[in-house]
Amino acid sequence: MKVTIDGIEIEVEPGTTVLQAARMIGGDVVPPAMCYYSKLKDTGGNCRACLVEVSKGSEADPRPMPKMMPSCKTGVMDGMEVKVKTSERALDARKAVTEFLLINHPLDCPVCDQAGECDLQNLSFKHGLEKTRFKEEKRTFEPENIGDKIQLHMNRCILCYRCVHTAEQVCGSRNHGVLNRGDHAQISTYVSAAIDHEMSGNMIDVCPVGALTDKTFRFKSRVWFNKPFNAHRNCDKCCGKTTLWMFGNEIQRVTARKDEYHEVEEFICNECRFDHKEVSDWVIEGPRKFEKFSVINQNNYTRKMDTVKIATEKQILEGREQDRKKISMKEVPYKNTENS
Ligand code: SF4
Ligand code: SF4
Ligand code: FES
């Protein structure tokens, strides 16, 4: 069946959703997705970040759909026409959704380990308001310890349910979930049971915000100061294919490899993620290419270079000799081009 998205026609299989069809086209017709996750079943329909306008329902029934539709849950019909970036209504709706997502959000990006690779940060950058209209007190939660490897910051959670689906489908059992309803809904372990499954670390990777972060990486570095390398090892629990986040010769963090939609390519086990932080543990394949646009792309490099130039270095760190040395290659002398 045929669907047209922002004037681009594509043929898709029955059962394809509008979001999947947009991803087949690629580029800027792809709506943002905060809760849908193609590697997990039954995700989507929670965040409303992916709203689009369906200007023609189908060939058989060409009436437009009156409301904005969540593209991750809307199946394609033959002859359907959809507007993503060409619809003022859809863009307004996305702005409103962003504003709602931020109502109770702490916005503590400067101290959040997710900053630089956060989908909410990227969404706000593109669709958020510069000011807040929300004057009431923000909803907060008591800190909860959910184990020694995963840090939960419930105040940052957007209740996308991705981690709950991961617990169910990747870990095979679920010992945490969403408790309560509405404003009081929160991710929690039942009776503070620790999440101790060998694949539980994948919840960190699927979380689109800084609600679930890696305790072993906590406050070690901003992600854009790390250099990512693809690496692998022989592992009998998972594929063993990972991305190593290096600071000099030190492996500071290990994650699964992620695609252009920031979704993991293959889930990895906790042993690969948390227990192998020596370079000798890994076969390093080479620098990791970032497909997804994000703050972190500032530190992107996709080919071997004799010198490394970091776009943000001059603005952020000029005058801080010690920090410059840390984030630059040792052999590369820093040149202040403005004064030379
Ligand atoms: S979760 Fe994202 S938007 Fe929220 S504080 Fe962290 S980096 Fe900022
Ligand atoms: S903790 Fe993260 S993955 Fe889980 S529901 Fe909240 S935002 Fe989603
Ligand atoms: S990605 Fe579609 S509703 Fe969240």
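Colleague: How does the shell around ligand 1 divide into nonpolar, polar and charged residues?

Modeller: In this predicted model, ligand 1 is surrounded by His105, Asp108, Cys109, Cys112, Ala115, Cys118, Val209 and Gly210. Cys and Ala count as nonpolar, Asp as charged, and Gly as polar. By class, the shell around ligand 1 therefore comes to 5 nonpolar, 2 polar and 1 charged residues.

Colleague: Which classes make up the shell around ligand 2?

Modeller: The surroundings of ligand 2 include Cys157, Ile158, Leu159, Cys160, Tyr161 and Cys163. Ile187, Cys207, Pro208, Val209, Ala211 and Leu212 also belong to this shell. Cys, Tyr and Pro count as nonpolar, as do Ile, Leu, Val and Ala. The shell accordingly holds no polar and no charged residues, and 12 nonpolar.

Colleague: Is Cys35 buried or exposed?

Modeller: Cys35 is placed in the loop between α1 (18-25) and β3 (51-56). Its relative accessibility is 1%, and buried means under 20%. Cys35 therefore counts as buried.

Colleague: What distance separates the C-alpha atoms of Cys35 and Leu159?

Modeller: Leu159 is one of the residues that surround ligand 2. Along the chain, Cys35 and Leu159 are 124 residues apart. Their C-alpha atoms are separated by 8.3 Å.

Colleague: Why is helix α4 described as largely enclosed by the rest of the structure?

Modeller: Helix α4 spans residues 162-169. Its buried residues are Arg162, Cys163, Val164, His165, Thr166 and Ala167, and Cys163 is also one of the residues around ligand 2.

Colleague: What geometry does the aromatic pair of Trp224 and Phe225 have?

Modeller: The structure holds 1 aromatic pair, formed by Trp224 and Phe225. Trp224 is buried at 19% relative accessible area, whereas Phe225 is partly exposed at 22%. The ring centres lie 6.1 Å apart, with 70 degrees between the planes. Planes over 60 degrees apart count as edge-to-face, and the pair is therefore edge-to-face.

Colleague: At what distance from the ring centre of Trp245 does Arg253 lie?

Modeller: Two arginines can be described in these terms: Arg233 lies over the face of Trp282, at 6.0 Å from the ring centre. Arg253 lies over the face of Trp245, and its distance from the ring centre is 4.5 Å.

Notes:
Residues are numbered from 1 along each chain as its sequence is written. Chains are lettered from A and ligands numbered from 1 in the order in which they are written. This is a predicted model: local features need pLDDT of at least 70, side-chain atom pairs count only at pLDDT 80 or more; totals for chains, interfaces and linings use all residues. Side-chain values use heavy atoms; hydrogens and water are left out. A residue is near a molecule or strand if one of its heavy atoms lies within 4 Å of it. Rings of Phe, Tyr and Trp (its six-membered ring) pair if their centres lie within 6.5 Å; planes under 30 degrees apart count as stacked, over 60 as edge-to-face and the rest as tilted. Buried means under 20% relative accessible area, exposed over 50%, partly exposed in between (1.4 Å probe, protein chains only). A charge sits over a ring if NZ of Lys or CZ of Arg is within 6 Å of the ring centre and within 35 degrees of the ring normal. Helices (H or I, at least four residues) and strands (E, at least two) are DSSP runs, numbered from the N terminus.
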